[in-house]
Amino acid sequence: MPLGIQRLNAHQTHPNDLIIFLKPLPGPTAPFAQDFLSRIAAICKPIMTASHLSVTTLEEYEPNREFVGRNFNSGEIIQLVLQAPRTGH
């Protein structure tokens, strides 16, 4: 966990202690997106540990045709597109 940040009142176990928040888009696909973001966080943990990386927020971004992911402030926020632009699945 990055210095100075502590997770309080966690409702479930977190797959990667180097990522503070997992934020899916609100709506009917939120449980699927939360599960998908958790899996991505778990897969990235060994890489992040070896490279001494940390991320404040890993979040889902709305479907679009321009990009599939973007990074703000050197990993403070990483946004990933999890749904197809036309179908939303």
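Visitor: In which sense do strand β1 and strand β2 pair?
Guide: This is a predicted model, in which local features need pLDDT of at least 70, side-chain atom pairs count only at pLDDT 80 or more, and totals for chains, interfaces and linings use all residues. Residues are numbered from 1 along each chain as its sequence is written, and side-chain values use heavy atoms, with hydrogens and water left out. Strands are DSSP runs of E with at least two residues, helices runs of H or I with at least four, numbered from the N terminus; two strands pair if DSSP finds at least two bridges between them. Residues 19-23 (β1) and 55-61 (β2) share four bridges, and the sense is parallel.

Visitor: Which residue of β2 stands opposite Lys23?
Guide: Strands of a sheet pair through backbone hydrogen bonds, either parallel or antiparallel. Opposite Lys23, β2 places Glu59.

Visitor: Is the β-α-β unit of β1, helix α1 and β2 left-handed or right-handed?
Guide: A crossover is right-handed if, with the strands pointing away from the viewer, the path from the first strand over the helix to the second runs clockwise. Here the path goes from β1 over α1 (residues 30-51) to β2, and the unit is left-handed.

Visitor: What is the strand order in the open sheet?
Guide: The sheet has four strands and mixed pairing, in the order β1-β2-β4-β3. β1 and β3 each pair on one side only, which makes them the edge strands.

Visitor: In which sense do β3 and β4 pair, and which residue is the partner of Phe72?
Guide: β4 covers residues 77-81 and meets β3 over four bridges in the antiparallel sense. In β4, the bridge partner of Phe72 is Ile77.

Visitor: Why does Asn64 count as buried?
Guide: Asn64 lies in the loop between β2 and β3 (69-72). Buried means under 20% relative accessible area, exposed over 50%, partly exposed in between, with a 1.4 Å probe and protein chains only. Asn64 counts as buried because its relative accessibility is 15%.

Visitor: Which backbone nitrogen does the side chain of Asn64 reach?
Guide: A polar atom of the Asn64 side chain lies 3.2 Å from the backbone oxygen of Glu62. At 3.0 Å, the side chain of Asn64 reaches the backbone nitrogen of Glu66.

Visitor: Leaving aside neighbours within four places in sequence, which residues is Asn64 in contact with?
Guide: Contact means heavy atoms within 4.5 Å. Beyond those neighbours, the partners of Asn64 are Val81 and Pro85.

Key. Polar contact = N/O pair within 3.5 Å; in protein donor to acceptor, adjacent residues only side chain to side chain.
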